[in-house]
Amino acid sequence: MLVLNCSTKLQILEHKLLSNFPESLKAESDDLDHFTNAYAVFYKDQQAYQALLENPETVNWEQVFQIQGLQDGLYDVSQAVASSKLVDVKRSCFQMVIHLDPDTLPEVKLPLVPPPKLASLDVSHASLLNSTWSRGGSELCRKYLASLISCFPSTCVLDEGGCPIAWGLTDQFATMIHGYTLPEHRRKGYNRLIATVLAKKLHSQGFPAQGNVLEDNVPSVTLLKSMNAQFLPCQFVRLIHTPFGFVNTSQL
């Protein structure tokens, strides 16, 4: 980690990042795919963040993209820069949570017969996840979920036919996402089981066990509190930036 306390250091880092970014990944970019056109930002000085946004070599403002962060002023600065570029900005806010020591989480033993069959998700499960996720429903999302499943830790409970009935996975920012149980299998403790197993798996592989949750998602908030997860005082913010020319297209 570097402390960038002057513009020169920021420019040096920016140059190195741009020069080392694989050309193959640049070529694969889809202008409508805000799932993979994603940035995480960290800063102490809002002016430094604004300067980064205004640099045409840092962010591609010709495509739909998302920015995630925890800092104050994230939305205001993004909105100010976006308005001059004819780009719409939509904000979603969540509570940020983290399991500081997942190894201390008690093992979850469910009184079910037969006992739950745990496994990692398979890319063939991406369509099911896409149809049940609040952000899903598009082919772009299905491909995104398939890539997450193939690259990052996940956990699921399989039924007798080998189909997932509950699951959780990890995104490209090492955040646990899309914890879900099919309606007909709820109230059996699967969410606690999945959250515990995935948190321990992430921790064992060197990842943080972190996630975010909507404040009005009472069942999830209650579950996380019962697991002694730490709720951070800052908000997790996701900003979807959509050029005006793509506004209707990105909503299809």
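Eight aromatic pairs are counted in this predicted model. One of them joins Phe35 and Trp133. Their ring centres lie 6.3 Å apart, and the planes meet at 35 degrees, so the pair is classed as tilted. The two residues come from distant parts of the chain, 98 residues apart. Phe35 sits in the loop between helix 2 (23–28) and strand 1 (38–40). Trp133 sits in the loop between helix 5 (126–132) and helix 6. Both Phe35 and Trp133 are buried.

Phe35 also pairs with Tyr144. Here the centre-to-centre distance is 5.2 Å and the angle between the planes is 25 degrees. This pair is stacked. Tyr144 belongs to helix 6, whereas Phe35 is in the loop between helix 2 and strand 1, so the contact ties together parts 109 residues apart in sequence. Tyr144 is buried, as is Phe35. Together, Phe35, Trp133 and Tyr144 make up one aromatic cluster.

Rings also meet charged groups. The charged end of Arg186 is placed over the ring of Tyr180, 5.2 Å from the ring centre. Lys225 lies over the face of Phe231, with 5.9 Å to the centre of that ring.

Charged side chains also meet each other. Across the whole structure, two salt bridges are found. One links Glu139 to Arg142, with the closest N and O atoms 2.8 Å apart. Both residues belong to helix 6 (residues 139–151). They are three residues apart, so about one helical turn separates them. Glu139 has a relative accessible area of 44% and is partly exposed. Arg142 is also partly exposed, at 25%. The other salt bridge joins the side chains of Asp88 and Lys90, at 3.0 Å from N to O. Asp88 counts as partly exposed because its relative accessibility is 23%, above the 20% limit for buried residues. Lys90 is partly exposed as well, with a relative accessible area of 47%.

The second largest pocket has a volume of about 1,300 Å³. Its lining is made up of 40 residues. His178, Gly179, Tyr180, Asn217 and Ser220 lie nearest the pocket centre. By class, the lining has 17 nonpolar, 16 polar and seven charged residues. Tyr180, one of the residues nearest the centre, is also the residue whose ring lies under the charged end of Arg186.

Definitions and conventions
Residues numbered from 1 in each chain as written. Predicted model: local features only at pLDDT ≥ 70, side-chain atom pairs only at ≥ 80, totals over all residues. Heavy atoms only, no water. 1 Å grid on protein atoms, 1.4 Å probe; cavity = no way out; pocket = protein on both sides within 12 Å on 5 of 7 lines; lining within 4 Å. Points joined across faces, edges and corners; volume = space filled by probe spheres on them. Nonpolar A, V, L, I, M, F, W, Y, C, P; charged D, E, K, R; others polar. Salt bridge = Lys/Arg side-chain N within 4 Å of Asp/Glu carboxyl O. Buried < 20%, exposed > 50% of the residue type's maximum accessible area, 1.4 Å probe, protein only. Helix = DSSP H or I, 4+ residues; strand = E, 2+ residues; numbered from the N terminus. Phe/Tyr/Trp six-rings, centres within 6.5 Å; stacked < 30°, edge-to-face > 60°. Lys NZ or Arg CZ within 6 Å of the ring centre and 35° of its normal.
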